[in-house]
Protein chains: 2
Amino acid sequence: MAEDFTVTPWEVKGDVDYSKLIKQFGTSPLDEKMLSRIKNLAGGELHPYLKRKIFFSHRDLGALLDGYETGKKFALYTGRAPSGSVHLGHLVPWMFSKWLQEKFGCDFYFMVTDEEKFLARNYTLEETKKLAYDDILDIVALGFDPGKTKIFVNTEYGKTLYTLGTMVGKHVTFSTAKSVFGFTNETNTGLVFYPNVQAGAAFLPSFLEKKDVPVLIPAAIDQDPYWRIARDVAPKLGFPKPAAIHSVFLPALSERGKMSSSDANSAIYTKDSPKEVRKKVMKYAFSGGQPTVEEHKKLGGNPEIDVPYQYLRFFEESDSRLKQIHDDYKAGKMLTGEIKEILVEKLNSFLEKHQAERERARDRIEDFILRD
Amino acid sequence: MAEDFTVTPWEVKGDVDYSKLIKQFGTSPLDEKMLSRIKNLAGGELHPYLKRKIFFSHRDLGALLDGYETGKKFALYTGRAPSGSVHLGHLVPWMFSKWLQEKFGCDFYFMVTDEEKFLARNYTLEETKKLAYDDILDIVALGFDPGKTKIFVNTEYGKTLYTLGTMVGKHVTFSTAKSVFGFTNETNTGLVFYPNVQAGAAFLPSFLEKKDVPVLIPAAIDQDPYWRIARDVAPKLGFPKPAAIHSVFLPALSERGKMSSSDANSAIYTKDSPKEVRKKVMKYAFSGGQPTVEEHKKLGGNPEIDVPYQYLRFFEESDSRLKQIHDDYKAGKMLTGEIKEILVEKLNSFLEKHQAERERARDRIEDFILRD
């Protein structure tokens, strides 16, 4: 079936229809029943990303919560391909993971895939490792519990990961990897093996603790093919199938789709200065407003396509404030310049704190690193 | 070109024509000039395996010796896919490596590929690791210098090997792996990656010492495809191209070809008892003798196809004694039963010492193991 959008681990293109994606990937929508279950187990509170359907889909979350209700703890697993330029979109599953860690007391495993970037791009391993440690500052800055958070850089954790990747790889033919990841005969054999490592780490908590530890993977939905592989292989290796919870993409500033690291004007980086943030939002953020102030006041803006409003859905914690902005903007009471100003202030206040924590993280990295 | 023999890392079949193989693989014959060069550098002595053309082919040995003559040390690298049943054929490159280590003062790197066996056969990793440690007893038993010998089991040395394998894998497409190793789309992606690890360890001495350390690989010629990959990739990674020196196969007892671990009657194992050795040689060793004693005395035997004689070429150190046996057997003065008896005694005396050293090795393994 031809779609007008593409979502793979390597590419997100077009105007993503998330309901279609749920059907295409065969995942389950996060429905009201599931949300209310999470709310009860989390102590009566839902993270804004759940209320706002930023996390919108899952695999096997019900079974995971069944176990949790009978006292079975679960672990969290997610990751990052290092680029040295973490942007706001990357933070979404991480901030959500932090909430899950707090509410459910989870160990959090975080993979930093220096070899993936080396294999897929024109970098040396020394370069990707340097980028990895720069990105780790952004992770640590978010305030995870150091006693329960284990960050690993793949080539430094290669003993365990090569073992897990080999275990998975035995059950994944080239044919399967080809159809799931779009590999060709010209794909390098390092990259052909790599998905086994990313999928294999879903078994890391069980492997390390030598008992069944169920895993929940919070990640953007483009990573789902890896979890499909992990779920297919799990019973053959005697590990529990990982559950997954999927987020939408933070849109690019200037268009729809996924915020990209490679187009500096389409993304706001965690290292951007207040001036850069202001410039990018004011200049590049796609507006759902009307061409003139007169028309805007008369017809109102369209929050559904307005990037500043969409960003506020990710970064404005207060539901009532967000609704007020939505309604005012839609009614034409709030102008494009005003909603952009609100976003600039919100992001700069977030980044001021984040950047301070990022600096503080430099001396704390070792508290989080998992090594062989 | 259709051949009446096949030599690949997975299969050795038919009556191998080693001169044809040199052309087919594009290696160089070990000629008299090269042998006399080795002899001079080794202090005036040649190992019987060199004199007898058991090592018969090489890649770039000249360049390696050029370096050695200007004071540049080289390292040795070879390996073993663990089966728990080391047979005499496996010992050939190892015994030769020991001589090289003594004569040239080389560090010796030995890879034990537990994951290869896991990926290619119906074993668990726990099983192949157990087999690995049993096979390591046979290596240690041969008397390598513990200060200069580094044995590593792949999944236990996975941090370094995953890094090296990844570096190689970036430059080896699936197409290349397919044509060099005969992979198909149904090959599992663990096995598709594996050759990068075996090839990558040819760079281990340089990687660990952070300077150019040339490597010589003594191994049976079926392993050459791995070294071709290593040599292709070396300049791209900034490592010296490994040199290789290739041995013929110790024939199977009952036929020509390569001694196999899977047919117990075609191989003599290092753990065989004197009685088993006697029975196997007497019952299964293919004879180049005549059907009756009378005919044998008249026509003589054919040492070229006589397996007991061929084995003596590998295990009788004395050139003059070997020549005597050859001539007597060919002249019909020595009967089939007699040459078999000589072999039985030779092997049992070798194995008696080897088995004692093998037991002594149990407490010494850790002196040899290289870990991440």
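This is a predicted model: local features need pLDDT of at least 70, side-chain atom pairs count only at pLDDT 80 or more; totals for chains, interfaces and linings use all residues.
Residues are numbered from 1 along each chain as its sequence is written, and chains are lettered from A in the order in which they are written. Local features need pLDDT of at least 70, side-chain atom pairs count only at pLDDT 80 or more, and totals for chains, interfaces and linings use all residues, while side-chain values use heavy atoms, with hydrogens and water left out.

Chain A can be laid on chain B by a turn of 180° with a shift of 0.0 Å along the axis, giving an RMSD of 0.0 Å; the superposition is by least squares on the C-alpha atoms of residues with pLDDT of at least 70 in both copies. The two copies are thus related as by a two-fold rotation axis. Within chain A, the C-alpha nearest the axis belongs to A:Lys159, at 2.0 Å from it. The same surface serves both copies, since 100% of the contact residues of chain A recur in chain B, contact meaning heavy atoms within 4.5 Å.

At the interface, 37 residues of chain A are in contact with 37 residues of chain B. The area buried between the chains is about 2900 Å², of which carbon and sulfur atoms give 63%; buried area is the accessible area (1.4 Å probe) that two parts lose on being put together, summed over both. On the side of chain A, the residues that lose the most area to chain B are A:Tyr162, A:Lys170 and A:Thr189, together 27% of what that side buries. The count of salt bridges between chain A and chain B is zero, a salt bridge being a side-chain nitrogen of Lys or Arg within 4 Å of a carboxyl oxygen of Asp or Glu. Polar contacts, in contrast, link 24 residue pairs across this interface (both at pLDDT 80 or more). A polar contact is a pair of N or O atoms within 3.5 Å; within protein, one must be able to donate a hydrogen and the other to accept it, and residues adjacent in sequence count only if both atoms are side-chain atoms. Two or more residues of the chain A side come from each of α6 (114–120), α8 (158–169), α9 (174–181) and α10 (189–200), where helices are DSSP runs (H or I, at least four residues) numbered from the N terminus.

Chain A is divided into domain 1 (5–254) and domain 2 (264–359), with bounds from an automatic or database domain assignment. Their C-alpha centres lie 29 Å apart, and the contact takes 25 residues from domain 1 and 29 residues from domain 2. The area buried between these domains is about 2400 Å², with 62% given by carbon and sulfur atoms. In domain 1, A:Arg52, A:Leu88 and A:Leu253 lose the most area to domain 2, together 37% of what that side buries.

Between the two domains of chain A there are five salt bridges and 17 residue pairs in polar contact (both at pLDDT 80 or more). Helices α3 (48–51), α5 (88–104) and α7 (125–141) of chain A each supply at least two residues of the domain 1 side.

Over all chains, the salt bridges number 54. One of the salt bridges joins A:Arg37 and A:Asp66 (2.6 Å, N to O). This pair links distant parts of the chain, with A:Arg37 in helix α2 (residues 32–41) and A:Asp66 in helix α4 (residues 61–69), 29 residues apart. A:Arg358 forms a salt bridge with A:Asp138, with the closest N and O atoms 3.0 Å apart.
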